[in-house]
Amino acid sequence: MQKSVITKLKKIGLSEESIDFLLQFYTGAVNVYGIISLEDLYSLYKDIKMHNQDYHEITFEQFLTFGEITGSKLLEHYAIFSPEIINKYCNDSGIPLTSPLLVHESVAWKEDSIHEIWYLYMNLCEFSSKFYLTPNDLRDFAEHKETADDRAFQKFWQS
């Protein structure tokens, strides 16, 4: 990670260990969910934290700021799409997005437009009714390798 990014993250009160933890957590999350709002992800973080004492104490504000800073700088694992941009340019559902979207890099870079990402997110929400399977530790999925099932799932959503 770039030194300037680490400096910005330290200014909001994150230690190097917390930064590493969040990077693994976010990467694990996009590997598991593909697209998820940061608000929903923070709820999952709180649920998982109750069972994992080694999870760092991180505020919602730090959690959001981490995503906003790294989602525009890393450009290798995930991207962050702000609700302001989505609501202004492509949200015709009448349901305003209130939290940034964490989007897996393979989705963010393969989709033609932010509109398609928004529609994919809406389809996922409708299909799942915002129910997310909760693993014991999302960091376990930070090194996830793409499988044939993953490719079939991506192909299903593209058709």
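Modeller: Let's start with a cut-off: a residue is buried when its relative accessible area is under 20%. The model is a predicted one, by the way.

Biologist: Fine. Why does T27 count as buried, then?

Modeller: T27 comes out at 6% relative accessibility, and the limit is under 20%, so T27 counts as buried. The residue sits in helix α2. Leaving out residues up to four places away in sequence, T27 touches H77, Y78, F141 and A142.

Biologist: And I80, what makes that one buried?

Modeller: The relative accessible area of I80 is 18%; the cut-off is under 20%, so I80 is buried too. I80 lies in strand β2. Not counting residues up to four places away in sequence, I80 touches Y26, L38, G67, E68, G71, P100, L101 and L102.

Biologist: How far apart are I80 and S37, in sequence and in space?

Modeller: They are 43 residues apart in sequence, with 9.2 Å from C-alpha to C-alpha.

Biologist: Now Q2. Why is Q2 called partly exposed?

Modeller: Its relative accessible area is 45%. Buried would need under 20% and exposed over 50%, with partly exposed in between, so Q2 is partly exposed. Q2 is found in the segment before α1. Its C-alpha is 9.7 Å from that of T70, although Q2 and T70 are 68 residues apart in sequence.

Biologist: Since you mention T70: where is T70 placed, and why does T70 count as buried?

Modeller: T70 is in helix α4, residues 60-71. Its relative accessibility is 0%, and buried means under 20%, so T70 counts as buried.

Biologist: What makes the link between T70 and Y78 a polar contact?

Modeller: The side chains of T70 and Y78 are joined at 2.6 Å. A polar contact needs N or O atoms within 3.5 Å, one able to donate a hydrogen and the other to accept it, so the pair of T70 and Y78 qualifies as a polar contact. The side chain of T70 also reaches the backbone oxygen of F66, at 2.8 Å.

Biologist: On to the rings. How many aromatic pairs does the count come to?

Modeller: The count comes to 14 aromatic pairs. One of them is F21 with Y45, which is edge-to-face.

Biologist: How do you know that F21 and Y45 are edge-to-face?

Modeller: The centres are 6.3 Å apart and the planes are at 65 degrees. Pairing needs centres within 6.5 Å, and planes over 60 degrees apart count as edge-to-face, so the label follows. That pair links distant parts of the chain: F21 belongs to helix α2 (residues 16-33) and Y45 to helix α3, 24 residues apart. F21 and Y45 are both buried.

Biologist: Why is the pair of Y45 and Y55 called stacked?

Modeller: The ring centres of Y45 and Y55 lie 6.0 Å apart, and their planes are at 20 degrees. Stacked needs planes under 30 degrees apart, so the pair is stacked. Y45 is in helix α3 and Y55 in the loop between α3 and α4, so this pair ties together parts ten residues apart in sequence. Both Y45 and Y55 are buried.

Biologist: Which residues do ring pairs link into a cluster?

Modeller: F21, F25, Y26, Y42, Y45, Y55, F60, F63, F66 and Y78.

Biologist: Which members of the largest nonpolar core touch the most other members?

Modeller: F25, Y26, L41, F63, F66 and L102, out of 30 residues in that core. The elements giving two or more residues to this core are α1 (3-11), α2, α3, α4 and β2 (78-81). The largest share, nine residues, comes from α2. Another core of 17 residues lies apart from it, with F81, V103, W118 and Y121 among them.

Biologist: What is F63 in contact with, leaving aside its neighbours within four places in sequence?

Modeller: L22, F25, Y26, L38, L41, Y42, Y45 and I58.

Biologist: And the overall picture: how many helices and strands does the protein have?

Modeller: Eight helices and three strands, running as α-α-β-α-α-β-α-β-α-α-α along the sequence. Buried residues make up 46% of the 159 residues.

Biologist: Which element has the lowest mean pLDDT, and which the highest?

Modeller: Helix α8 (residues 148-158) has the lowest, at 65, and helix α3 (residues 38-49) the highest, at 93. The protein averages a pLDDT of 81, with 81% of the residues scoring at least 70.

Terms used
Residues numbered from 1 in each chain as written. Predicted model: local features only at pLDDT ≥ 70, side-chain atom pairs only at ≥ 80, totals over all residues. Heavy atoms only, no water. pLDDT = per-residue confidence, 0-100. Helix = DSSP H or I, 4+ residues; strand = E, 2+ residues; numbered from the N terminus. Buried < 20%, exposed > 50% of the residue type's maximum accessible area, 1.4 Å probe, protein only. Core = buried A, V, L, I, M, F, W, Y, C linked by side-chain atoms within 4.5 Å. Contact = heavy atoms within 4.5 Å.
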